[in-house]
Amino acid sequence: MSASSIAPVRPGRLRARRRETLSALLFISPWLVGFLIFTLWPVIYSGYLSLTDYDVINNPNFVGLDNYTAMFEDPKIALSLTNTLIFTILSVPLHIIVALALALLLLRAARATGFFRTVFFLPKMTPAVAVGVLFLLIFNGQDGLINRVLGFFGISGPYWTTDPAWVKPGLVLISLWTIGSSIVILLAALKNVPTELYESARIDGANFWQQTMRITVPMISSTIFFLAIINTIYGFQIFTEAYTAFFGSGNTTYSNDAALFYVIYLFQQGFQYLHMGYASAMAWLLFVVILIFTVVQFAISRRTVYYEGEAR
Amino acid sequence: MTTTTGRADAAELALAPVQAGDPPALPATQRRTPPRRRLGQVLVYVALTVFAVVFTYPFIWLVSASFKPRSEVFDNLLIPKTFTIENYLNIWQEAPIGVWLVNSVIVTALAAICVTASSALVAWGFAYFRFRGRGLLFALVIGSMMLPGAVTMIPTFLIWNGLGATGTLTPLWAQNLFGSAFYIFLLRQFFLALPRELFEAAKIDGAGNWRIFTRVALPLCKPALAVTLLFEIQAAWTDLLRPLIYLRDSATFTIPRGLKSLLDQFGFGGEWHWEVIVTASVITTVPMIILFFIGQKQFVDGIATTGSKG
């Protein structure tokens, strides 16, 4: 195999190589076509649209950077960005901490691990629309289950679905319900930590907390990092649960502003007001924000994340 | 399996605090479980049980509420005071649930089958063949995963609009004919792990590229194909954003879009027929629960590999 690359290329071999390239292109052609039509062209066209006024009915009207400057003056952009940031910054660390705690518990469940893992994963199967409905019902300020339980302990719970200060914490809490895949991923990572490390730490007299912080967390830091990146990207694009619970036709009952997340506002601008140029500009801002967060996370990870067997 | 339990045991050991004067590293099997460790184990089970209740209760609450009459939906009782199946009988008159279910089944089936077939083709192209530009093209596959859906959302809508496909189910699944970056990545990893000698042997036996792919590679790849199929069934069944963008007429709704319209109509519309919404939520969710119990192992294994590949 390796000799072939050194040997001078004969015409027959050249033909064989060309045939292999052709076959490969045939196999990957579905993706290639899809990439050109549904990724590359939309990216270019979305960049162009962001410089225009476009309402689908009339032709795009070039306006330069007007959409971008308008975003700075639109209070709802600042509002929806702040809402999204708060949600992401609250939910991502909490998500990882709770998932790690549950995974550590699962690891100690011996034969019952499988059963409890199933139970913790199951809510992940719930369609996000149904999660939005459940949020309205269970977190209802007056009759909701959560406040009934809190009331049982003598705490009068907040109006989660109407009080602007409690809408986002409520959505963060219900998002923890669908934490299942993170638990599964962390459990798999925990099982790969070499047991010798714990044995020697125990001999050195390290307690459980020290072992967790000094061995477990560093050893699975690449997985934690992966979850942080993925959940941040998802967090910035939160849509369905909040849209279901707080937006849509006829909804005047609940306070919308506290749940106006960025993609919801983008969707409204693009598909309800048909401001397609403005919505395209919004999409690019979102892309830049996510990119910045990802780059920062990678920069932090360079100093803090351990990759087994990899020279980084 | 043995290594797994071995590790779990060692981790339990790690939990036990070392007491002064104890012989430090005696294997657990050689002595009786010390009382403090047994207490720790009991606490672990207590904590797990409490969390298990927290994680399952919303389901139970929802299912229980769907068997209650309107006035009792919010009573938070586990066992309905008045048990009724009226809601499940009436909902078919309240809304075209049957049509929505059929639409969802069509979209989900087409989406899952198309994406699995096309992604497998593409993944095989990247895994088996050696060609110039392979690295670059595959980097594009990975790179396209990083792009937020919002960026391509509007031009993609304009494409379907230009083709006159808005208002039909087509935009909800047809893009899956072109493969999906995440599944291409997943399946390629799986193909790369197969021993190459198998395919060389088939080649020497005179099998062509198509034959090697369909007769040798695909059968070996069944577990990964199952993961792809199940993941996409879940994604397609639960999607709300695309139905919101593309569907206007109630007769074309998928079940999550229908549920949202019921919430708008009966919840926010001021009529407060929560029993309809609760029942529709159960109908929307149950197929996913069944799916999970059919493919539990594939779901768990598939997600665990996703994490390790990161």
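1. Buried here means under 20% relative accessible area, exposed over 50%, and partly exposed in between (1.4 Å probe, protein chains only). By that rule Asp75(B) is buried, at 18% relative accessibility.

2. This is a predicted model, in which local features need pLDDT of at least 70 and side-chain atom pairs count only at pLDDT 80 or more, while totals for chains, interfaces and linings use all residues. Residues are numbered from 1 along each chain as its sequence is written, chains are lettered from A and ligands numbered from 1 in the order in which they are written, and side-chain values use heavy atoms, with hydrogens and water left out.

3. Over all chains, the structure has 7 salt bridges (a side-chain nitrogen of Lys or Arg within 4 Å of a carboxyl oxygen of Asp or Glu). One of them joins Asp75(B) to Lys68(B), with the closest N and O atoms 2.8 Å apart. Lys68(B) is buried, its relative accessible area being 0%.

4. Asp264(B) and Lys260(B) form another salt bridge, with 3.0 Å between the closest N and O atoms. Both residues sit in helix 13 (residues 255-268) of chain B, 4 residues apart, about one turn of the helix. Helices are DSSP runs (H or I, at least four residues), numbered from the N terminus. Asp264(B) and Lys260(B) are both buried.

5. In chain A, Arg148(A) pairs with Asp143(A) in a salt bridge whose closest N and O atoms are 4.0 Å apart. Arg148(A) is partly exposed, with a relative accessible area of 39%, and Asp143(A) is partly exposed too, at 28%.

6. Met276(A) belongs to helix 15 (residues 276-304) of chain A and is buried, with a relative accessible area of 0%. Leaving out residues up to four places away in sequence, Met276(A) touches residues of both chains, including Tyr54(A), Val56(A), Ile154(B), Phe157(B) and Leu158(B); contact means heavy atoms within 4.5 Å. Val56(A) is 220 residues from Met276(A) in sequence, yet their C-alpha atoms are 7.5 Å apart.

7. Chain A and chain B bury about 9,000 Å² between them, 79% of it on carbon and sulfur atoms. Buried area is the accessible area (1.4 Å probe) that two parts lose on being put together, summed over both. Phe27(A), Trp31(A) and Phe38(A) supply 10% of the area that chain A buries against chain B, more than any other three residues.

8. The contact involves 96 residues from chain A and 103 residues from chain B. Across this interface the rule finds 0 salt bridges. On the side of chain A that touches chain B, helix 2 (residues 11-49) gives the most, with 21 residues.

Notes. Helices (H or I, at least four residues) and strands (E, at least two) are DSSP runs, numbered from the N terminus.
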